[in-house]
Amino acid sequence: MLERISADVELRVSATPKTRSSDDIEKVQRGEVIRAGMIKEEIVLNPDIDVIDSNDMTLDERLLNAALERRDRLAKAYEAQGENINPLLLIQLPNDTSEGMTAEDTAVAAKVVDILRRKYDITEENGRLAVWLASRKVNLERLEDDTNMVKVLLFKEAIALGWDCPRADVLLIFRKLQSEEFTVQTVGRIMRMPRQHHYRNRSLNLGYVYTDIAKDRIRIVTEDQSYILRDTIAATRRDGVGDFSLPSVYYDRPAGSRNRLRSRFRNDLFDTVADKWHLSFDTDLTDTVDLGDFADIPGLAEALAQSSETTVGRNRRIARRDVKLRLDADEIEAAIPMNVRFQNDIQELEVEQVRFARTDTEIDTVFRRFINTFGSSFESNGGNRSDMIATYLLEMIDRFLGVTGIAAKKLVLADDNRDKFAFILDSALERYGSTLESVKTAAARKVAPIEWSLPTERFYDDRTNEAVAGFGHHALLPFVRFISNTSTPEREFEEYIEENSRDIDWWYKNGDSGMQHLAVPYTKNTGEKSLFYPDFIIRMKDGLTYIFDTKSPGSEPDTAHLKHNALRDYICRLNAEGYNLDGGIIIKPDGHNYRIYPRHAITSTAGPYADWTQFCL
């Protein structure tokens with residue numbers, strides 16, 4: 001339409017302009033808009049939350065109660081100012097990134113509607129509740145009018161896309177604990193002043209947000225970014241690092257090949273706990289011993305006490321001492337910021353938190369949310385995948401540690417334990433995935449070519465990864481390292497690269513699986529085709545690119561040489577096509593100097609190492 005009009009001048013007004021040229025923008029500072037009385041002075045996060053413990057009130061109910069009480073107080077304050085304005089409470093459902101209603105959306109919506117009806121007489125029938133969902137819209141006509149009788153609007157994502165209702169003063173957000181997002185655009189829905197001027201009663205000049213975010217640091221950012229720090233670490237390609245790609249491969253599953261989670265996962269979970277935590281799966285009781293006669297013999301009483309333990313008792317002792325599991329998790333708390341004030345402008349805040357004991361109902365919900373984050377790459381073999389994982393995890397806790405029911409869920413969710421159980425589940429699922437792959441015949445899988453590209457951005461789960469300072473030459477910053485089991489050779493080589501980076505343009509730590517990471521095909525001794533993922537890609541300033549996989553002396557004796565030979569074949573083939581590559585398996589046999597396997601096929605990784613080529617950056 002604009003092209004058909006062909007106007008000489010176009011004047012566009014937006015809080016989030018897409019034009020970036022400073023010559024085309026007339027900027028109005030936020031302070032000017034506040035002083036003009038058009039928007040609220042600031043926003044308050046979680047004011048006046050009742051901190052008194054109440055076993056019959058969940059955190060969600062506390063937040064809803066506080067938000068409604070705030071709405072009612074604002075209504076009285078408007079009336080005292082002589083204004084006929086009915087303030088609106090906006091309630092946002094957890095998953096605002098999809099059009100459809102998830103099971104959690106439906107559950108939360110049903111609970112909210114029930115509480116509003118029973119406790120506050122706010123219903124669709126009496127016109128005090130409006131619903132704005134993709135599949136259902138009720139009482140939306142003239143909703144923006146200051147005197148409209150609707151007190152509460154229940155909505156999902158759609159309301160954040162250009163809706164203007166100046167009487168909206170309070171926002172309640174129910175969020176998934178694992179995926180909290182909150183943008184300036186959403187906050188803006190409660191920033192407008194209905195009469196475009198401020199009041200003597202300052203409570204009318206503020207916006208109010210209630211949410212269960214469990215963060216001690218808040219970042220307010222622009223549209224299409226996260227408002228609350230997510231449970232992921234984002235690393236982005238640093239300035240000066242250009243595009244780079246190499247041929248890669250991935251497994252293209254044929255039709256009918258299913259990646260199902262089956263009952264065999266139970267065995268892999270139990271085996272993982274035995275391997276990682278060194279716990280025993282044996283419920284037989286040993287004979288007990290009367291220790292009274294041995295109290296005076298140093299060390300003997302303790303030794304006999306341990307020998308007389310049940311297997312569960314021994315497991316609990318090891319879990320406390322070695323795994324550092326907290327086994328007395330009687331109470332699970334929710335920590336949320338309270339009475340935090342801010343503008344909806346780009347900034348970052350440190351906040352104090354208030355803690356609430358969760359009810360058993362909440363613990364069930366949070367436990368389900370925790371389990372839902374695992375095994376997304378697997379289908380369930382009938383039933384629900386998360387139900388299967390939860391069932392086997394709870395059985396494992398019962399059989400190994402003797403904890404059952406809600407106490408087992410509290411054990412998993414305790415602050416000191418959560419990451420440890422996340423590591424066990426991730427490891428067990430990886431183990432199951434490897435088992436699943438190994439039982440498939442080579443004919444059932446087809447290796448397909450793909451072009452691997454150095455990513456511009458990569459996301460890491462912050463439960464199992466951490467950002468590490470001091471690695472400024474990595475292609476993506478911050479440099480992120482897997483917390484639990486990054487091997488010593490990898491860590492040492494990372495430090496070696498940084499210490500000898502004078503001639504390095506950039507280096508990149510490759511992933512361990514998935515088509516988004518560089519993979520090289522090789523054939524095992526059994527004749528089975530497989531893939532491996534070299535650890536490091538190093539781009540030198542002279543254009544040479546190294547591809548290395550780090551090993552310890554004698555590690556992987558059955559496969560390391562096969563991986564080396566495959567990587568050397570890959571490098572030679574690409575160099576014949578015009579690439580400039582070098583590399584192979586790299587090792588530090590004497591603890592001081594790096595060597596790479598000879599640039600020809602080898603049959604063993606065992607020493608002596610005299611014929612291995614010394615390597616220096």
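Author: Start with a term: contact means heavy atoms within 4.5 Å. The model is predicted, so to speak of local features pLDDT of at least 70 is needed, side-chain atom pairs count only at pLDDT 80 or more, and totals for chains, interfaces and linings use all residues. Residues are numbered from 1 along each chain as its sequence is written, and side-chain values use heavy atoms, with hydrogens and water left out.

The part to look at is Arg458. This residue lies in strand β18, residues 457–461. Strands (E, at least two residues) and helices (H or I, at least four) are DSSP runs, numbered from the N terminus.

The side chains of Arg458 and Tyr508 are joined by a polar contact of 2.8 Å. A polar contact is a pair of N or O atoms within 3.5 Å; within protein, one must be able to donate a hydrogen and the other to accept it, and residues adjacent in sequence count only if both atoms are side-chain atoms.

Which side chain of opposite charge is nearest to Arg458? It is Asp512, 7.1 Å away. Lys and Arg count as positive, Asp and Glu as negative; His and the chain ends are not counted. Arg458 is buried, yet has no salt bridge. Buried means under 20% relative accessible area, exposed over 50%, and partly exposed in between (1.4 Å probe, protein chains only). A salt bridge is a side-chain nitrogen of Lys or Arg within 4 Å of a carboxyl oxygen of Asp or Glu.

The whole structure holds 24 salt bridges. One of them joins Arg481 and Glu494, at 2.7 Å from N to O. Arg481 sits in strand β21 (residues 479–482) and Glu494 in helix α13 (residues 488–499), 13 residues apart. Both residues are buried.

Arg202 and Glu42 form another salt bridge, at 3.1 Å from N to O. This pair is 160 residues apart: Arg202 is in the loop between α5 (184–187) and β7 (206–211), Glu42 in strand β1 (residues 42–45). Arg202 is partly exposed, with a relative accessible area of 40%. Glu42 counts as buried at 16%. Salt bridges that share partners join Glu41, Glu42 and Arg202 into one network.

Arg117 and Glu125 meet as well, at 3.2 Å from N to O. Arg117 is partly exposed, at 42% relative accessible area. Glu125 is exposed, at 61%.

Now the nonpolar side. A nonpolar core is a set of buried Ala, Val, Leu, Ile, Met, Phe, Trp, Tyr and Cys residues joined through side-chain atoms within 4.5 Å. The largest has 41 residues; Phe265, Leu269, Leu393, Met396, Ile397, Leu401 and Phe421 have the most contacts inside it. Helix α10 supplies the largest share, nine residues. Leu393 is in contact with Leu269, Phe367, Ile371, Val412, Phe421 and Leu425, leaving aside neighbours within four places in sequence. A second, separate core has 36 residues, including Ala67, Val112, Val138 and Phe174.
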